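Visitor: Can you walk me through this model? I'd like to look at helix packing and then salt bridges.

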Amino acid sequence: MPPLLPGLGFLLLLGWQGAAATSAGTYLCSSSPVNESAVCASVKSVSQEVLLKIAHGQASPCSLTFGQYACAQSAWLQDLQDDFLISLYSCLTPKPASAVDPEYSILFFSKYDAKKLVAALTMFSQRFSHVPLSLEWTMIFINGLWEKMLQVPDIGSPPVLSQWVHEGLQPFLVEPKVFACLRAKNVLCETFQMIVTALNGIYSDLPVGEQRNLYAGIKYYLIQDGSKQKCYSAAIPGLNSTAWFENYLGSFLEHATVGDLQLFGDEPTLQKFARDPVNMEMISNLTLLRETAVYYTWLLTSGPGFPLSSLPDRFVCYLSPSAVSNLSRDDALRLAQRINKNCPLNSTHRGITRERAPSSLTTEELQVASSLVRKFEHFPPAILRALGQAAVGLSISDINSIGDKDLEASIPALGEVRGWSPEQSSAIINKLLSSGYQMPDGQSLAKLGSLVAGLNSSTLRSLSPEVILEAIKLPEFVQRIVTLPSSLKMTFVEKISSSVGHPGDLVKYIPDALARYIPKSLLVFGEEKPNIQDLNSKTWTREQAAMFFSDVIKAEPDFSRLSQSVLQGFTCAAKMEAERFQELAKVMKRKNVKLGEDQLSCLVKMVTLHGIPEDLDSYPKDLLLFLSPSDYAATGSCRQYFANLGKANLDVLQRESSQRKQLLLEALACLKIPGTEVNEEDAEVLGRLVCDLGGEYIRNSGGNLLKRLSQCDSFLPDQEEAIRSVISSGNTTFGPPVTWSAFTLNELSGLIPVFDHSILQKIPKDALTRWLKNFAHNSPLSREQLATIVEELLPTRHKRADGCPPDKQITEMVLNDELMPIFYTPEELRACLKNVSLENHLSQILTYAFSVQQLAVLKENLDETYPDGYPESLLPKLGPLISVITPEDVSKWRITSADTLADLLKNQPPDDQASAMIKRYIDLGNALNASALNAIGTKYVCLLNETELNRIDPSSLKLASLNPSACSQLTKDILYTKAKRAFSDQHYLPAYYELIEPYLGGAPGEDLKALSKDNVNMTVHTLKNLRRDSLLSLTPSEVQGLMGVINLRDLKKWQNQSPIWEWVQTQKQSELDKLGVGLTGGTQEGYINIVPPKFQSPSAASLGAVAMTLHLLPALLITFLMMSVLS
């Protein structure tokens, strides 16, 4: 065998994690060769006849021991079928392994024909590709498999190696601990280099997970003895090559973190490696983790004697501010042009997917841009054009210094820049407009490019609709619309819809980025036939799509031609045969359509109208939430049912609902989980149901559940306590918090809000800092939750600041650094903010994770600057400062536009603050028009008082999106009356119900009786939220008319809940029986049920009348009964 092969076997058996090296499982590993005579001496021999019976399915594979198979003759084993390994594994895993099993493994697999073994392994991989294997038996199997692989001819060639690593051994590579088998072979660095070269040849053919596992093994070899510069010594020929990254990591460097690189060598050595031409050439073609790319660039540029002109083009995107600080003006321009050419607009970085707007920039990018801009004092058009993207580093004072003519001449260049802050774009636009810039046509508006975000809504409203319509036909302008703030998008829609008369034309002309902002009342097609192609090309909300769904399915019989966005508008009112509903549901599965609870509840009833389909796997997984394992029996086992259900959107059901609790109980019973310990395999089956496991399950399952729990949206107190207990123990695959890295935090980011001070203080500060810098934007954490980490990074004792420390002066560079909060205690921030104006940076710095105490300091700074109240231009930028604002502060503000109100309320202030803002807006004489109502939204509409509600013009409701079902009865009554008037011209259309449904909580009985004739398919949720007196006035047949045959079944489930129970009690049982849904509790013939009325709090004047009624009630009842008897 060539020397590569022992090395390859050693690498892959060596172990992927240092911690695993000393694990108890290493006794399961043994070395070749095996003395067959000695090993098989005590094994009962087996005949070829027995093996043939097993091969042909006439005897159980479990009837023989592993030793009997291993000691059988080689030729006899070739009769076994390709699925035999699956059977063998299933037979062995219930039994504990013995010390001799690793030798049996080597012996058994050595007798297998190589081609036959690959076929068997391929089938094994297909069966277990997504199922965790037994760690013990996996180690035993792989012990023999690797020995076999080392004997395969041409194993060093990429095609053969790829077949084994990728196709055959994939299930074994999933768990890195399986490679804790340490081989007592002294692999030389030269041999190891050949191993990496061979693996590098198949790198691009491997899935990312396998690449990562193999890199972990390479890394372990390189750091196994704890010494740095493994396989490098400047004094030893053969080990003195500085092309170390190419030689020992190759393409696997894509998975290396900064921490990994620092384990491979000290800084001077890494700088030598980084500057090696061979390494630079290789890395220029790789996609490194972002933090690694930044560090590698720093290694290149931080030492003396490295000209930026030698920096590979890809790395100009990762420069640090210090690398560009000493450039000349000409060099700065040349670098800016390289950045423009090589750093694409929407570049993505492995390891960090920022969920900010596509135009957002990193801290380093902003700081480098500022450094380049500072090389210039004047900014004529030629300089601004040459700066290109680097012009984003212009300060507000730089912008104000540009001459009016120069600024206008520079619009084409500035309009191409991404990442303008609101202050920058507003400053440029305001300067342009004040100098007389006109927008008489769409071209002049589109010319603004990315600067269009600096327009305010009032300027946009002043433009003619024709200008807007012309601009949105230009593809380059449509791209800019994507990143606009919501208020501007709504204004664009307002202008476009005002000049387009028909829904079809509106859908045709509106850009996709604006489609979701169209009021749903403008999407009622009526007699007009919708254009399916136009609808399919836009992205809709579920509520919008519901407006035209019925029209669409009439016009398009082939559901597969409908987009995911259109299909999500499914309503129960759709008129189709049951078979068509099944066809529709299958298309929804293929297109991954997400539906809400009411939609799914209806769809499952229609799909199962004539029985449970036997191919439930062809339907959306979310439908399983409304079925049971017994319903699934014809399709598969209960385990398969819960494996699929675990991938469904469990949040469709309310967290504490009885339905969700029942699913968890059934799942635990199905999986036969003993006690309260859940293993990883069962956790994978449970999927999202893991989020509902109680604290005892979490505590007793150790670290098995942590990664899955990290995907959960919220936790109950006992779950949080259990998670903290497990984390604090340190007995998990992640180790104790004191050993964590930024990547560990990234894997557990969903759990960070659960961590308390005792856990956070143990995590290395540099790991927290690195995580904040590189991963926080991709985490599910809110700014407030990130602030808790900032507090951990600040000194616990805040020294009183006598002044701003010299090294903490707040400069433009500091204001552009998203890690700014971790550099200042509240006292230091207060001292260093003196004489610093925040207004031009406010919207940017308030995205940073400042603590509440730091936010209070920022507010103090603004209060000192504006003692009489903040100017309206500042209000949209307040963001999280809203949390430290008081109603007294609000009373000083001028909130004169609905856009400003929307900007304030989108921060979701508490009700008392929101109420103060709305009151201030109204008190200043502003109308509650559609824009204001959309700003107030469902969240705050209940805060409006009777006087304010009566000021709403019904036509405004037509363009607003509100749901007052949680409000007081008075609010619901007023808004229903106005909504009915607003949609009166559409009351004859099927879509009328979709428009009026949110307001039905205020509908009088006569209106509901009229609706009952229109087959509206009302859900039970809407029914139970109707006005009580209105519901009690309805007859069973009218309720049936409202709900339809399908939804009527839900009445049985809700019959014991108010007010449906009161309604049932007032009906004759004979009438309820006609509904055929099993309602009980109605009035029997010859009896009467008296349902106590729910009085409003009576005034003093009405108490006498109420008392008189109650006083006379017994007499009235006696009279009624006597008359019944006499008759």
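Visitor: How are helix 36 and helix 37 oriented to each other?
Guide: This is a predicted model. In it, helix 36 and helix 37 are oblique to each other. Their axes cross at roughly 125 degrees and come within 8 Å. Oblique applies because angles of 65 to 115 degrees count as roughly perpendicular and those over 145 as roughly antiparallel.

Visitor: Which residues are in those two helices?
Guide: Helix 36 covers residues 578-590, and helix 37 covers residues 597-607.

Visitor: Is the crossing of helix 36 and helix 37 left-handed or right-handed?
Guide: Helix 36 and helix 37 make a left-handed crossing.

Visitor: Which residues meet there, helix 36 against helix 37?
Guide: From helix 36, Ala578, Phe581, Gln582, Ala585 and Met588 take part. On the helix 37 side they meet Leu603, Met606 and Val607. By class, the contact of helix 36 with helix 37 has 7 nonpolar residues, 1 polar and no charged.

Visitor: Next pair of helices. At what angle do helix 38 and helix 39 pack?
Guide: The angle is about 135 degrees, and the axes are 9 Å apart. Helix 38 spans residues 638-645 and helix 39 spans residues 658-671. The angle makes helix 38 oblique to helix 39. The crossing of helix 38 and helix 39 is left-handed.

Visitor: What does helix 38 put into the contact with helix 39?
Guide: Helix 38 supplies Cys638, Arg639, Tyr641, Phe642 and Leu645. They meet Leu663, Glu666, Ala667, Cys670 and Leu671 in helix 39.

Visitor: How many charged residues are in the contact of helix 38 with helix 39?
Guide: There are 2 charged residues, alongside 8 nonpolar and no polar.

Visitor: Back to salt bridges. How many are there in the whole structure?
Guide: A search of the whole structure gives 42 salt bridges.

Visitor: What about Lys219, which residue does it form a salt bridge with?
Guide: Lys219 pairs with Asp260, and their closest N and O atoms are 3.0 Å apart. This pair links distant parts of the chain, 41 residues apart. Lys219 sits in helix 13 (residues 208-223), while Asp260 sits in helix 15 (residues 258-264).

Visitor: And Asp260, buried or exposed?
Guide: Asp260 is buried, at a relative accessible area of 7%. The labels differ because the cut-off for buried is under 20%.

Visitor: Where does Arg724 lie, and where is Asp756?
Guide: Arg724 and Asp756 form a salt bridge, with the closest N and O atoms 3.9 Å apart. Arg724 is in helix 43 (residues 717-729), and Asp756 is in the loop between helix 44 (742-747) and helix 45 (757-760). The two are 32 residues apart and link distant parts of the chain. Arg724 is partly exposed at 22% relative accessibility, as is Asp756 at 30%.

Visitor: Which residues do salt bridges with shared partners join into one network?
Guide: Asp651, Arg655, Arg660, Arg688, Asp692 and Asp713 are joined that way.

Note on methods
Residues numbered from 1 in each chain as written. Predicted model: local features only at pLDDT ≥ 70, side-chain atom pairs only at ≥ 80, totals over all residues. Heavy atoms only, no water. Axes fitted to C-alpha atoms, helices over the stretch in contact; angles between N-to-C directions. Helix = DSSP H or I, 4+ residues; strand = E, 2+ residues; numbered from the N terminus. Parallel < 35°, antiparallel > 145°, perpendicular 65-115°, else oblique. Left-handed = near helix turned anticlockwise from the far one by under 90°. Contact = heavy atoms within 4.5 Å. Nonpolar A, V, L, I, M, F, W, Y, C, P; charged D, E, K, R; others polar. Salt bridge = Lys/Arg side-chain N within 4 Å of Asp/Glu carboxyl O. Buried < 20%, exposed > 50% of the residue type's maximum accessible area, 1.4 Å probe, protein only.
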